[in-house]
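Here are some brief notes on the model, as requested.

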Amino acid sequence: MPTRHPQLNAHGELKHLLTIEGLSRDLIHHILDTAAGFLGVSDREVKKVPLLRGVSVFNLFFENSTRTRTTFEIAAKRLSADVVNLNINTSSTAKGESLLDTIDNLVAMHADMFVVRHAQSGAPFLIAEHVDRTRGNVHVINAGDGRHAHPTQGLLDVYTIRHFKKDFTSLRVAIVGDVLHSRVARSDIHALTTLGVPEVRVIGPRTLIPGGLEQMGVHVFHDMREGLRGVDVIIMLRLQSERMRGALLPSAQEYFKHYGLTEEKLALANPDCIVMHPGPMNRGVEIDSAVADGPQAVILDQVTFGIAVRMAVMSLLAKS
Ligand code: CP
């Protein structure tokens, strides 16, 4: 008998969102279609609906965040949920309480959904397994775990691409930079290949590109100019200096020279290529301000779409 994916219930519905790996193309499109339904005709306003009235969403961010934490909070409030933001610095985990003891206490306060960011890869999986064993009706969303996965970022990235490019099946997408430490890159690669993008490229220095990417259906380039030729979408990545051990790069200036996105390098891509970045951006290190603020950048659209995508994920989980 095949083993069930830990994020699906016995009916194959999404109970937790832990990773994009293993999600079907249909399910990803269903999430994106649901998100589209939450956006107004202008694609900038996000509707308020009562779908999560009486549901308590707990934001547990054990790592810093601006976009993810705030857009989850906005999304939960747009769904009429009650939102609790746990201050991790003053919570009992800072006094030595175990993660799972903290979870048990929050469940005793009637938490229905946890949104978890943690520096340790696998922490949201651990919580999901624990609540499945101890409480059947609590949902867990991975808001970024170590270098492993950032599934709602992957979903909002493919939402943005679908919005601007309409179809995935004739695209060339380049992901540029520190792939080795990037949970965003891993989630994007799973989403893009599942949705049928025929050519996913990763571009970066040898020290920041992990092995095994070709087995994921990805083409690896170390020369940025070569890798950008003819692409339709560029996803720039942040240098994850907090996750680097040892000297993997000569200097920020040297990195920018070879892998920073400038107008001159962007001109090698297709003329209607869009430029994305998950944020936070290091201007002058990964991306030049002229590009980040230029007409091809859709970086702030990604943030707005992130609200609707997170609403879609929470509303689908609450139904399972
Ligand atoms: N993209 C992203 O995860 O940004 P934050 O760290 O600000 O949440």
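1. A salt bridge here is a side-chain nitrogen of Lys or Arg within 4 Å of a carboxyl oxygen of Asp or Glu. By that criterion, 2 salt bridges are counted between domain 1 and domain 2. The model is predicted.

2. The domain assignment gives domain 1 as 25-150 + 303-319 and domain 2 as 151-299. Their C-alpha centres are 26 Å apart. To the contact, domain 1 contributes 30 residues and domain 2 contributes 29 residues.

3. About 2,500 Å² is buried between domain 1 and domain 2, with 60% of that area coming from carbon and sulfur atoms. On the domain 1 side, R147, H150 and F305 account for 31% of the area buried against domain 2, more than any other three residues.

4. The side chains of R183 and E63 form a salt bridge, at 3.0 Å from N to O.

5. Strand β3 (residues 113-118) has 6 of its 6 residues buried, so the rest of the structure largely encloses it. The cut-off for buried is under 20% relative accessible area. M113, V115 and R117 point one way from β3, while F114, V116 and H118 point the other way; all are buried.

6. What pairs with β3? Strand β1 (residues 56-61) runs parallel to β3 and is joined to it by 5 bridges, with N59 opposite V115. Strand β4 (residues 139-145) is also parallel to β3, again through 5 bridges, and here V116 stands opposite N142.

How values were computed: Residues numbered from 1 in each chain as written. Predicted model: local features only at pLDDT ≥ 70, side-chain atom pairs only at ≥ 80, totals over all residues. Heavy atoms only, no water. Buried < 20%, exposed > 50% of the residue type's maximum accessible area, 1.4 Å probe, protein only. Helix = DSSP H or I, 4+ residues; strand = E, 2+ residues; numbered from the N terminus. Pairing = 2+ DSSP bridges. Domains from an automatic or database assignment. Contact = heavy atoms within 4.5 Å. Buried area = accessible area lost by both parts, 1.4 Å probe.
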